[in-house]
Amino acid sequence: MASEIELVEVTKRYPGVATPAVESVSLTVPAGETVVLVGPSGCGKTTTMRMINRLIEPTSGRITIDGRDTRSLDPDRLRRGIGYAIQQAGLFPHLTVGQNVGAVPRLLGWSRTRVAERVDGMLDLVGLDPAAFRDRYPRQLSGGQQQRVGVARALAADPPVLLMDEPFGAVDPITRGNLQDELLRLQAELRKTIVFVTHDFDEAVKVGDRIAVLGPRSAVLQYDTPEAILANPADETVAGFVGAGASLKQLRLRRVREVELGRALTASVDDEPAEVGRRLAEAGRAHALLLDARERPVSWVRAADPRQRRPVGGSVTLQSTLQDALEAILTEGGTAVVTGARGEYVGVVEMDAVIDTVRKLRDDRAEVTR
């Protein structure tokens, strides 16, 4: 179940500061959608988001969740009903992964058995094997794994609202793309109301159902779908966020699942090189993709020398954008491997599919212009 959030003339003033940090912001976040607040550093986007769960108290105005004024609720009770994920995960270092994920359910008085079941279910949901990760400490995890645990913790009590403050800003670009894909997969399954803060417009286009482009003091410069903002920026400031290459950015609006996938010749990592070479020769193929016992892609081999294995570098998921796919294709030399929800091989996407999509987008824009 998701909840609608409404901000009405919300302002935040700090004592001794003449200019408000946030001034008269009005915004409606539809239930079950992801709304991204994007803007330059210092514009007030994080302050705006934190006023929703009253980590920062508004000076004036009204914020409601499903019509209930948040000021009428006990702050602790309000926050326990809202998931919160931040940059660098914000995990408790002295608690195990399982204890971190189960923190809010325990505060809500869930039984030990119910908490344990929920912890394992949430870890599995974000792609972490409970048996392998439940008893580890945050310091024993990679940055991407920590962020996944942070998302699992934010969702553990099944809140209708999830606030995300630059949650993927502290990881490398490849991991960041994977985490964005994971968020899209989870949202397609769970349909929470998500308010997501970022300064990265490309990220906003990828993950948002709607984008609020904010100026100084969180002034809403444009609030619309990614498609509408890319096609028709409201003013020069918004156009500056969109940047050059708007047509190419349209690839962030198209998902890998929307194009026809190709099929690589596959074999097991345990197959003998001679057998793989024979199959390649029979099929007239130049390359084969080796999969592990769980059908996950591991490496490529060439017909010219099946004994030499090249690790799969860039892969994408069905939730990835075609811009992600294009980057992976360029990294991999012409073909990007596509994986499913649990990392299993589902196909490949090739340059021709991306080029065909670019041509169609170009033709569609030309038709609209005429």
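Student: How many helices and strands are there in the protein?

Tutor: Happy to start there, and note that this is a predicted model, in which local features need pLDDT of at least 70, side-chain atom pairs count only at pLDDT 80 or more, and totals for chains, interfaces and linings use all residues. Residues are numbered from 1 along each chain as its sequence is written, and side-chain values use heavy atoms, with hydrogens and water left out. Helices (H or I, at least four residues) and strands (E, at least two) are DSSP runs, numbered from the N terminus. On that basis the protein has 15 helices and 17 strands.

Student: Why can the protein be called as compact as a globular protein of its length?

Tutor: The radius of gyration is taken over C-alpha atoms, and the globule rule is 2.2 Å times the number of residues to the power 0.38. For 370 residues that rule gives 21 Å, and the protein is as compact as a globular protein of that length because its own radius of gyration is close to this, at 23 Å.

Student: What share of the 370 residues is buried?

Tutor: Buried means under 20% relative accessible area, with exposed over 50% and partly exposed in between (1.4 Å probe, protein chains only). By that cut-off, the buried share of the 370 residues is 48%.

Student: Which residue of E7 is the bridge partner of isoleucine 86?

Tutor: E6 pairs with strand E7 (residues 161–165) in the parallel sense, over 5 bridges. Within E7, the partner of isoleucine 86 is aspartate 165.

Student: Which residue in the turn between E4 and E5 has a positive phi?

Tutor: Strand E4 (residues 60–65) runs antiparallel to strand E5 (residues 68–69), with 2 bridges joining them. Isoleucine 65 stands opposite arginine 68 in E5. The hairpin has 2 residues between its strands, and the one with a positive phi, of about 55 degrees, is aspartate 66.

Student: Which residue takes a positive phi in the hairpin of E12 and E13?

Tutor: Strand E12 (residues 287–291) and strand E13 (residues 297–302) are antiparallel and joined by 5 bridges. Histidine 287 stands opposite arginine 302 in E13. Between the strands are 5 residues, and the positive phi, near 65 degrees, belongs to glutamate 295.

Student: How many residues has the largest nonpolar core?

Tutor: A nonpolar core is a set of buried Ala, Val, Leu, Ile, Met, Phe, Trp, Tyr and Cys residues joined through side-chain atoms within 4.5 Å. Val101, Met164, Phe196, Phe201 and Ile211 have the most contacts inside the largest one. Leaving aside neighbours within four places in sequence, isoleucine 211 is in contact with residues including Val36, Phe201 and Tyr223. The size of this largest core is 43 residues.

Methods:
Two strands pair if DSSP finds at least two bridges between them. Contact means heavy atoms within 4.5 Å.
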